[in-house]
Amino acid sequence: MTGVQALERKHPGLSLQPGRVEHREFEYIRHGTMSFMVNFEVATGQVGLVSCGPTRTEQDYLEHIQRTVAADPDVRRWHFAVDNLNTHKSESLVRFVAAESDIAADTLGLKGESGILKSMQSRAEFLSNPDHRIVFHYTPKHASWMNQVEIWFSILVRKLLKRGNFSSLDDLKTKVLAFVQYYNLTMAKPFLWTVKGKALSS
């Protein structure tokens with residue numbers, strides 16, 4: 001989730017009163033933006049590791065995955081459902097998965113020229129291999145909503161960000177991490193993700 005703004009209201013709002021809704025100051029002060037990478041555990045509905053910082057680069061994503069794997073070294077096989085962002089199919093990610101799966105680095109080829117590293121498609125095929133210790137499952141293009149963390153991001157926006165008041169980037173980070181703890185303790189459950197198919201009318 002990129003470009004999350006730390007907005008501070010210039011003046012306090014007017015609180016709720018009988019027969020009157022809360023009024024919020026419309027002028028605000030910008031304190032910058034932050035990106036969040038979040039693990040959502042589909043089976044439990046819990047929010048796992050959260051990484052936050054000013055950017056969402058290839059290196060940022062690699063470090064997030066490395067931290068996730070290092071946090072539980074006894075897990076035999078990791079499965080990540082991700083969208084088709086280029087950082088999810090990077091050279092550095094391929095090299096990390098190869099090392100974790102005991103695949104020699106000299107068998108990977110050269111980025112843009114040969115072997116597994118030749119193209120984004122060849123890298124994605126390698127990262128999707130179910131025999132590896134770390135397996136990536138890519139949602140169909142233009143269907144990132146199929147990644148359940150997107151549903152959780154919408155909860156974060158509605159419950160915290162939309163009406164939030166953040167005095168700094170550190171304040172934004174602190175409040176998001178506190179919300180994650182609260183969510184895991186009081187709200188987390190697997191999403192019931194079913195739909196009844198209906199024929200489209202002509």
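**Exercise 1. Find which residues Asp171 touches, leaving out residues up to four places away in sequence.**

Solution. 
- Asp171 touches Asn165 and Phe166; contact means heavy atoms within 4.5 Å.
- Helices are DSSP runs of H or I with at least four residues, strands are runs of E with at least two, and both are numbered from the N terminus.
- Check the side chain: that of Asp171 reaches the backbone nitrogen of Ser167 at 2.9 Å.

This is a predicted model: local features need pLDDT of at least 70, side-chain atom pairs count only at pLDDT 80 or more, and totals for chains, interfaces and linings use all residues. Residues are numbered from 1 along each chain as its sequence is written, and side-chain values use heavy atoms, without hydrogens and water.

**Exercise 2. Decide whether Asp171 is buried or exposed.**

Solution. 
- Take the relative accessible area: 18% for Asp171.
- Apply the cut-offs: buried is under 20%, exposed is over 50%, and partly exposed lies in between (1.4 Å probe, protein chains only).
- Asp171 is therefore buried.

**Exercise 3. Work out the strand order of the sheet, and why one side of β1 and of β3 lacks a neighbour.**

Solution. 
- The open sheet has three strands, ordered β1-β2-β3, with antiparallel pairing. Two strands pair if DSSP finds at least two bridges between them.
- β1 (4-9) and β3 (46-53) are at the edges with a single partner strand each, so one side of each has no neighbour in the sheet.
- β2 (residues 28-41) pairs with β3 over six bridges. Glu41 stands opposite Gln46 in β3.

Notes:
A polar contact is a pair of N or O atoms within 3.5 Å; within protein, one must be able to donate a hydrogen and the other to accept it, and residues adjacent in sequence count only if both atoms are side-chain atoms.
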